[in-house]
Amino acid sequence: MDIYFLRHGQTVSPSVYTGVTDVALSAHGESQIRSISAYLNNIVFDAAYCSPLIRCRTSFELLELDVACSFVEDLREINFGRWESKSFSEIYCQDRATMEQWFSQKEQFTFPEGDMISTFSYRVGNWLETLKTKQHEHVLVVSHSGVIRHALAHLLGLGINQADCFEITEGTVSLITVEKTFCILKLLNKNQ
């Protein structure tokens, strides 16, 4: 099974944490998705799955693929809680002690009034294990940076903390082939 992960395009709120905040694509974000659409339109997908947030829904619609799409709650981004819609520097100035806990606690950290990283990662991994039981050849997953990073780490047999080793840029495709006993990363951040 080939799983193509597409990160949504740039939003109207760049450079801030917008996990569960429902923000639209910017004009540039729409252009990013149109740039990758020619590549994706050359693939015959058996199935498509998408986060229900508007930035992902719009990204999927802009592709104009001939495949039905299922909107999946488990593909939502992590909830950053009270850090939603704030930049890294704002959070660091306002909540430095808690941010330092994030660095030290790693997967056991819970965003203030948001999700625990390990619980989020488990949600993504559990959904992928269900996906792997299906008889698909080519699958499109439209989601968010955090979801894709944790999906890659899970499928490649890496630990939760290794998810941070991947940088997933907006409007790009990453591809993993699922074999019987292992997975192969074939593309990372393809943008056209």
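Biologist: Ground rule before I start: helices are DSSP runs of H or I with at least four residues, strands are E runs of at least two, and both are numbered from the N terminus. So where is S26 found?

Modeller: This is a predicted model, to be clear. S26 sits in the loop between β1 (2–7) and α1 (27–40).

Biologist: Buried or exposed?

Modeller: S26 counts as buried, because its relative accessibility is 12% and the cut-off for buried is under 20%.

Biologist: What does S26 touch, leaving out residues up to four places away in sequence?

Modeller: Q10, T11 and V12.

Biologist: Zooming out. How many helices and strands in the protein?

Modeller: Six helices and six strands. Along the sequence they run β-α-β-α-β-α-α-α-β-α-β-β.

Biologist: And what does the C-alpha trace span?

Modeller: About 50 × 40 × 25 Å along the principal axes. The radius of gyration is 16 Å, which agrees with the value near 16 Å for a compact globule of 192 residues.

Biologist: What share of the residues is buried?

Modeller: Buried residues make up 51% of the 192. The protein exposes about 9300 Å², with 47% of that coming from carbon and sulfur atoms.

Biologist: Which helix is largely enclosed, and why?

Modeller: Helix α6, residues 145–155. Ten of its eleven residues are buried, so the rest of the structure largely encloses it.

Biologist: Which residues in α6 are those?

Modeller: S145, G146, V147, I148, R149, H150, A151, L152, A153 and L155 are buried.

Biologist: Which residue other than glycine has a phi near 65 degrees?

Modeller: E113 is one of them, with phi near 65 degrees. S85 is another non-glycine with a positive phi, about 65 degrees.

Biologist: Is E113 buried or exposed?

Modeller: E113 counts as exposed, because its relative accessibility is 68%. S85 is at 42%, so it counts as partly exposed.

Biologist: New topic. Where is the place of K190?

Modeller: K190 belongs to strand β6, residues 183–190. Its relative accessibility is 25%, so K190 counts as partly exposed.

Biologist: What does K190 touch beyond four places in sequence?

Modeller: I36, Y39, G171, T172 and V173.

Biologist: How far apart are K190 and Y39?

Modeller: Along the chain, 151 residues. Their C-alpha atoms are separated by 9.3 Å.

Biologist: And which backbone oxygen lies 2.8 Å from the side chain of K190?

Modeller: That of Q192. The 2.8 Å runs to a polar atom of the K190 side chain.

Biologist: Last one. How far apart are the mean positions of the positive and negative charges?

Modeller: They are 2 Å apart, for 16 positive and 23 negative charges.

How values were computed: Residues are numbered from 1 along each chain as its sequence is written. This is a predicted model: local features need pLDDT of at least 70, side-chain atom pairs count only at pLDDT 80 or more; totals for chains, interfaces and linings use all residues. Side-chain values use heavy atoms; hydrogens and water are left out. The radius of gyration is taken over C-alpha atoms; the globule rule is 2.2 Å times the number of residues to the power 0.38. Buried means under 20% relative accessible area, exposed over 50%, partly exposed in between (1.4 Å probe, protein chains only). Accessible areas come from the Shrake-Rupley method with a 1.4 Å probe; for residues, only the protein chains shown count as cover. Lys and Arg count as positive and Asp and Glu as negative; His and the chain ends are not counted. The place of a charge is taken as NZ of Lys, CZ of Arg, CG of Asp or CD of Glu. Contact means heavy atoms within 4.5 Å. A polar contact is a pair of N or O atoms within 3.5 Å; within protein, one must be able to donate a hydrogen and the other to accept it, and residues adjacent in sequence count only if both atoms are side-chain atoms.
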